[in-house]
Amino acid sequence: MKSKLLLVGIILGGLFQINAQNNIVEEIAWVVGDEPIYKSEIEEQYMQMQYERTPINGNPYCVIPERLAVDKLFLHQAKIDTIEVSDATVMQQVDYRINFYIENLGSKEKVEEYFRKPIAELREQLIEITRNSYIIQQVKEELTKSVKPTPSDVRKFYTSLSEDSIPFIPMQVEVQMIKLNPVIPQQEIDDVKARLRDYANQVNSGQSEFSTLAILYSEDASSVHGGELGFLGKGELVPEYANVAFNLNDPKKASKIVETEYGFHIIQLIEKRGDRVNTRHIILRPKVSEKDLIESLNRLDSLRKDIGANKFTFEEATQYVSQDKDSKNNKGIMVNTKRGTSSTKFEMGDLPQEIAKVVDTLQVNQISEPFIMRDAKTDREVVVIVKLTNRIEGHKANLKDDYQTIKTLYEEKAKSSILANWIAKKQKETYVKIEDDWKNCEFKYDGWLKK
C-alpha cells in the first residue's frame, strides 16, 4: 500500500557525520565560529550525494565545505531566534528516508552494509541532520518573508529581463478526463477475502509467520520486506487502514480484513512509538475480468458518442459518470501538482504515460476513444476517455500565459539576493578559518577568506 506521504525534497547532507571524540585523529578543513568542519564530513557527504545522484556544480571539495559553512551560519541564527522543529515532523521524514534506502538496497542488512553502521546509529544521525535541514529552511523563510510580489513587481521584473534571460516554456496541454472503475464480480471479492482469512488463521494459530506469508503472497512493493511499512502517522495512511492499525495491541496476531481503495488487507502490529506505528500488511487486489473491462469500454464509447451528438456536455457527463475522485467535481479537469504548485497545465512528461500517448494524437476539443490504463494510485485497471481542451505550443514566457512562472522567478531572485546579503554580513561578523589545503577554490560567496 502506498502511504500518502508528502514528499519533502530534503537532501540529507552529512549523513555520516563523525564526531571528533570518536576519532583519534581527525583532519579539520574549516572552522566557522567555534564549529569545525571535518574532512570526514565532506568525504561522507560527497559519497551520499553520489548515491542520490545529486548534481554538484563545481569542485565537490569546494562546494560541499562551503555549503556546510553556510549551514552553520543559519543554525547559529536559529539558536538566537530559538527556532525549533517538532519531533513528529523529523521522525516522519527519517522513517521515510530509511524505508527508501531499504526499498532501494533490498534489505536492512544491505543498508547497514552500504553505510557501514547499524540502522539504529544511522537513524540517530539522520534525526540530527533532518532536524537541522528543517531548521535551516525555517530560518530562510523568516529572513525572506517580506518577499510578497505585487503584479506591478512581476511586470517590472519581466520587462527588466534580457531576451536571453526569458525562460522557454515547453509545450503544455490542458486535459479533462472521465474514468470508470470496472465492476469486480462478488465471487472474486469473496475469493480474495477467503485467502486473507486463511492467512490470518495461519498467523493467529502460530502455523506461519506473517512476514513469510507477506513475501509469498502480498501484492505490493512492501512484500520484499515482509510487508513492513515502517513508522507512519495517521495522516500518512488511508483512514480505513489507520483506524485498525492504531488499535492493534498484540504483535503476534493478524487483524480482521480491512478494505481500502487499494484493495483488501490484513495487518500485523510491529511496534507503536508515540503517534506513529510500524505495521506489516498483506494486500490482495481483486482482479478485473476481461468481460467487465469490455463492458466499461462500451459504456464510455456510448457516452462519447452521446457527447458528440450534443445530448449533454463532457462536463455534465463527468459529474454523473466519472469515478475519479480528484477531478469528478472539477468538471473533469486534471490538475498538475508535480512542480510544487497546482496548475491545469501539463508538460507531456507530467501526464500519466498512457494519457500522454493518447493526448498527443488529439486535436483541441477532440475526445479520445476509451482506453484501458493502470491507475497509479490503486494499481488497478481502469477505463478512461480524455478531452484535450487546450494545447499551448512551446514559447518564451510571457505575462499573459505564464504569469505564475515569472512570479516564481521573481521570488527566487529576490529571496536569493536577501540571503546572499545576509550571508555576506554574517561572514564579516563570524570567525572563519580555512586550512591551506582547502583555500584554492572559487567560492559561491565572497568573504570567506578575510584580508
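This is a predicted model: local features need pLDDT of at least 70, side-chain atom pairs count only at pLDDT 80 or more; totals for chains, interfaces and linings use all residues.
**Asp34 in its loop.** At 68% relative accessibility, Asp34 counts as exposed, a term for over 50% relative accessible area, with buried under 20% and partly exposed in between (1.4 Å probe, protein chains only). Asp34 is found in the loop between β1 and β2 (35-38); strands (E, at least two residues) and helices (H or I, at least four) are DSSP runs numbered from the N terminus. Residues are numbered from 1 along each chain as its sequence is written, and side-chain values use heavy atoms, without hydrogens and water.

**The largest nonpolar core.** This core has 40 residues, and Trp30, Phe74 and Trp448 have the most contacts inside it. A nonpolar core is a set of buried Ala, Val, Leu, Ile, Met, Phe, Trp, Tyr and Cys residues joined through side-chain atoms within 4.5 Å. Elements giving two or more residues include β1 (28-32), α2 (60-81) and α13 (399-429); α5 gives the most, with 8.

**Surroundings of Trp448.** Beyond its neighbours within four places in sequence, Trp448 is in contact (heavy atoms within 4.5 Å) with residues including Trp30, Glu66, Leu73, Val432 and Phe443.

**Helix α11.** Phe314, Ala317, Thr318 and Val321 are buried in α11 (residues 314-321). They lie on the same side of α11 because they cover an arc of only 105° around the axis, taken from the directions from the helix axis to the C-beta atoms. The cover over the buried residues of α11 includes β4 (172-180), α10 (290-308) and β11 (381-392).
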